[in-house]
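Here is my note on the model you sent. Please read the points with the structure open.

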Amino acid sequence: MALPEIIDRLVASPKFRRFSAGFLPFRPLARHRSKVLFDLMAGFVHSQILLACVRLDLPSLLLERPRRLSELMGHTGLSEEAMTRLLKAAISLGLVRRRRGDLYGLGPVGQDVANNAAALAMIEHHVAFYADMRDPIALLKREVPETALAAYWPYVGDRDGVTESVASDYSTLMAQSQEGVAEEVLDDYSVKGRRHILDIGGGDGTFLSAVARRVSLDTKLTLFDLPQVAQAARHRLTTAGLADRIETVGGDFLETPLPGDADLITLIRVLFDHPDRIVAPLLKAIRAAIAPDGALLIAEPVSETPGGERIADAYFSFYLLAMGEGQVRTKAHHTDLLKNAGFSKVRLVSCRMPHLVRLIEARP
C-alpha cells in the first residue's frame with residue numbers, strides 16, 4: 001500500500017481522531033478539521049440564516065445605526081424569543097455584533113453584505129439554486145427533468161423563446177452581479193488607448209458603462225447580445241445618458257456575423273455558460289472579426305485556481321450543472337480552444353482577486 005493511502009486510513013480512523021484531540025501538539029489541527037467538517041454539514045443552515053437576515057432587512061437597518069432588541073422586533077415582526085435566536089445565530093456567523101448594553105450592530109460579514117447589491121441579489125437568487133440542489137445525485141445523473149436555473153436563464157436552451165421581458169429579468173441580475181466584476185477586471189487590465197472595444201454577451205451594458213468611464217470619448221464601444229437583450233440594454237443606456245457612447249447590436253453569435261475591426265473584444269463571464277460545441281465556433285468567429293493588432297479578453301472563474309477551488313470547482317461547477325450546460329474550464333482547456341480557433345498567443349493576466357475572476361488574454 002502506498003504511503004498516502006496509509007496516511008489517509010490512519011487519519012480517518014476514530015482512534016487516531018481521539019488521539020489527536022487529546023495530544024496537545026495535534027489538538028489545534030484536530031479542532032480545525034472538526035470545525036471544517038461541521039461547517040460543511042451545516043452550510044445550508046448558515047445560508048438560510050443569511051437569507052432570513054437579508055429578507056428581514058437587518059443589514060441595511062444596522063448599517064444606519066446600532067439598534068436595540070425591541071426596535072429590531074418592531075421592524076421584523078418577530079417575537080423576542082425568535083429575534084434573540086436569529087441574532088445569536090447571526091452573531092456566530094459574523095453578520096451581527098453585540099454592542100454595549102442591548103444594542104446590536106453589523107459584524108464584519110454583515111458589513112460586506114450591507115449596501116452590496118450584487119451579494120443581496122445573489123442571496124435571493126440562490127433560493128432557486130437550493131431547490132435544484134435538493135437531490136444532488138439526480139442532478140449529477142441529469143435525472144431532474146426541469147431545473148429552476150435552466151428556466152431562469154432561457155438563453156441556454158431555446159434562444160427564440162427569450163422575450164424582452166425575460167431578458168430584462170435576468171439582465172437585471174447580471175447587472176447587479178457584474179458591476180463589481182467589471183471594476184475588478186478594469187483595475188487589472190488597462191483598456192486605455194483602444195480604438196474599438198466590442199463586448200460580446202454584454203447584457204444590459206454594465207461592463208461597457210464602466211469602460212466608458214475609463215476611456216476617451218473617441219473610443220468606439222459596441223455591445224453585442226441577443227436582439228431582445230440588446231434592446232433592453234438600449235433602454236437602460238438611454239436612461240443612463242450613454243446611448244450616444246455605446247452602440248448596441250442585436251444578434252445570435254452562433255448565426256450572426258460579429259461587428260468587425262475591434263482591437264479589443266471582451267467576454268465577461270460568458271464562455272463558462274456554454275459547452276465546447278458552442279464556444280469553439282464563437283472563438284473562431286471572434287478570430288475572424290478581430291483586428292490584426294487586437295486582443296481578446298476572457299474574464300471568468302478558472303478551474304484549479306489556487307485558493308479559488310471552492311468558488312470555481314464547487315460552486316460554479318454545480319451552478320452550471322443546474323443551468324443545464326456550460327463548464328468551468330482550466331487554463332489549459334481555454335488555451336486549447338483558443339489555439340484551435342487561430343489565436344497564437346495566450347496568457348493569464350495577473351489579477352488581485354484571482355479566486356473570484358481570472359483574466360485570459362489571447363492575441364492573433
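**Notes on the predicted model**

1. His126 sits in helix H8 (residues 117–132). Helices (H or I, at least four residues) and strands (E, at least two) are DSSP runs, numbered from the N terminus. This is a predicted model, in which local features need pLDDT of at least 70, side-chain atom pairs count only at pLDDT 80 or more, and totals for chains, interfaces and linings use all residues. Residues are numbered from 1 along each chain as its sequence is written, and side-chain values use heavy atoms, with hydrogens and water left out.

2. Is His126 buried or exposed? His126 has a relative accessible area of 15%, so it is buried. Buried means under 20% relative accessible area, exposed over 50%, partly exposed in between (1.4 Å probe, protein chains only). The His126 side chain makes a polar contact of 2.7 Å with the side chain of Tyr315. A polar contact is a pair of N or O atoms within 3.5 Å; within protein, one must be able to donate a hydrogen and the other to accept it, and residues adjacent in sequence count only if both atoms are side-chain atoms. Tyr315 counts as partly exposed, at 25% relative accessibility.

3. Now the aromatic rings. Rings of Phe, Tyr and Trp (its six-membered ring) pair if their centres lie within 6.5 Å; planes under 30 degrees apart count as stacked, over 60 as edge-to-face and the rest as tilted. The count comes to six aromatic pairs by this rule. Phe272 and Phe316 have ring centres 5.4 Å apart and planes at 55 degrees, so this pair is tilted. The pair links distant parts of the chain, 44 residues apart. Phe272 lies in the loop between strand E7 (262–268) and helix H14 (276–289), and Phe316 in helix H15 (residues 309–323). Both Phe272 and Phe316 are buried.

4. Tyr315 and Phe316 form an edge-to-face pair, because their ring centres are 4.9 Å apart and their planes are at 85 degrees. One aromatic cluster is formed by Phe129, Phe272, Tyr315, Phe316 and Tyr319.

5. Thr266 is placed in strand E7. Its relative accessible area is 1%, so Thr266 is buried. The side chains of Thr266 and Asp199 are joined by a polar contact of 2.8 Å. Not counting residues up to four places away in sequence, Thr266 touches Leu198, Asp199, Ile200, Phe207 and Leu297 (contact means heavy atoms within 4.5 Å).
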